[in-house]
Amino acid sequence: MTGYWSDKVDEGLLSGRRISYCLLCWILFCHASKVSAQERWPVDSSRDRFGSGIDGTWQGDSWLGGTTHSGEWTLGVRGDSTDTGFLVSQVTSGGPADRARIQPGDRIVTIDGYQVGILNERLHDLTTEINRRADSTGAVRLLIQDGQNGRLATVRVQLDDQSQRLTGRLVGNQPLPPNASVTVQIENLTRPQWGVRNGTQVFLATNQREIPFQIAYDPQYIFSQDIYQVRAFVSAGGRNVFYTPRPARVLTQGNPNQVSMALEPVTALAAYTETSGTVTGYSNYNDLDDEVKRIYQRYLGRLPSATEMAAARILGNDARTLQERLPLKLMASQDYFDLARNDNNFWLSNVFGVIVGREASAAEIEQWRVRFAQLNGSRTELLRQLYQQAR
């Protein structure tokens, strides 16, 4: 334990790893604390609550440098982020945490030396860090504080792959241009502002008429009562050249998880349709104006005025830029705040769901409420910071 931490602290001071001084003091205090004879994590690994988790077989160098896994790893816990780590409140039965004997009341402090929780008023999300640090097989190393006696242990956990897959093929009757990029994405038609985590795949396509694809999406972001579709477009030279004019319904309401869609050349009038959503590479301002109108209808429930239309054009001259900037601008507006009942908590909960794609916990709402006050009620700045956190 001492050697591990001396290495991590030295490396952290040199490379800027996210371990705060206060947290380090707290960890060293816990490590030096006296514990009862009935330790849950005895030195003898044969009696260790975590079994083979600390049996000396962990080879850290074999997984440093990230993962090529395209899905989503899950630990199977719920809880709250604090300034001393992630406090576990629930453990999924039979999940990775349960198998590793993690219990409610335990605190996950770091993932391979990277702090989780709240540091300098910034949230370092447990799920995000797990997926950044796990190796390609889903193995990850956690520093955990025993909730019963305060003892610390470094634990190797084998995560579960919680992603599910949508597979299919894109079929065209014309060859693709050189260096073409293919984007395939799942969309929620019932609630368009709710994104599907890991629901987009982008890859380079060879010059072929039939293009296979696979999207390893997170099923926690799929709701059985909602309707979903998958669509695709092919870009080259900064413009869309092919798209799927007839997106396929998928995943819910009896729809399949394997589809085939036809690719057709993009024309000036086909850059946007009501059934296929939006694609980048608009050919003229008329198409951009249509996109501005669509965004206004979605977020404010009305069409923009001539002045608002002109202001929106300044935000960007392509659809992708508009889709990134205009929603944030509208959610910061007084009109949107009025729709949120002029209630800060209601507004925070709403914009969190739109940007992050899920409901916020009570702890997250409180964290952003405090941050909102620190920003002197600046909705624009809070949305910018929330958007940066979610990216």
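1. Ground rules. The model is predicted, so local features need pLDDT of at least 70 and side-chain atom pairs count only at pLDDT 80 or more, while totals for chains, interfaces and linings use all residues. Residues are numbered from 1 along each chain as its sequence is written, and side-chain values use heavy atoms, with hydrogens and water left out.

2. Strand S12. Eight of the nine residues of S12 are buried, so the strand is largely enclosed by the rest of the structure. Buried means under 20% relative accessible area, exposed over 50%, and partly exposed in between, with a 1.4 Å probe and protein chains only.

3. Partners of S12. Strands count as paired if DSSP finds at least two bridges between them. S12 pairs with S13 (residues 200–205) in the antiparallel sense over six bridges, and Ala180 has Ala205 in S13 as its bridge partner. S12 also runs antiparallel to S15 (residues 228–236), joined to it by eight bridges; here Asn188 is bridged to Tyr228.

4. Phe242. This residue sits in strand S16 (residues 239–243) and counts as buried because its relative accessibility is 6%. Beyond its neighbours within four places in sequence, Phe242 is in contact (heavy atoms within 4.5 Å) with Gln174, Pro175, Leu176, Pro177, Phe233, Val234, Leu263, Glu264, Pro265 and Val266. Its C-alpha atom is 8.5 Å from that of Ala232, 10 residues apart along the chain.

5. Helix H6. In H6 (residues 306–315), the buried residues are Met309, Ala312 and Leu315. They lie on the same side of H6 because they cover an arc of only 105 degrees around the axis, the arc being that of the directions from the helix axis to the C-beta atoms. Ala306, Thr307 and Ile314 are exposed on the other side of H6.

6. H9 against H11. The axes of H9 (residues 344–356) and H11 (residues 379–390) come within 10 Å and cross at roughly 35 degrees. These axes are lines fitted to C-alpha atoms over the stretch in contact, with angles from 0 to 180 degrees between N-to-C directions. From H9, Trp347, Leu348, Val351, Phe352, Ile355 and Val356 meet Arg379, Leu382, Leu383, Leu386, Tyr387 and Ala390 of H11. The residues of this contact divide into 11 nonpolar, no polar and one charged, where Ala, Val, Leu, Ile, Met, Phe, Trp, Tyr, Cys and Pro count as nonpolar, Asp, Glu, Lys and Arg as charged, and the others, Gly among them, as polar.

Note on methods. Helices (H or I, at least four residues) and strands (E, at least two) are DSSP runs, numbered from the N terminus.
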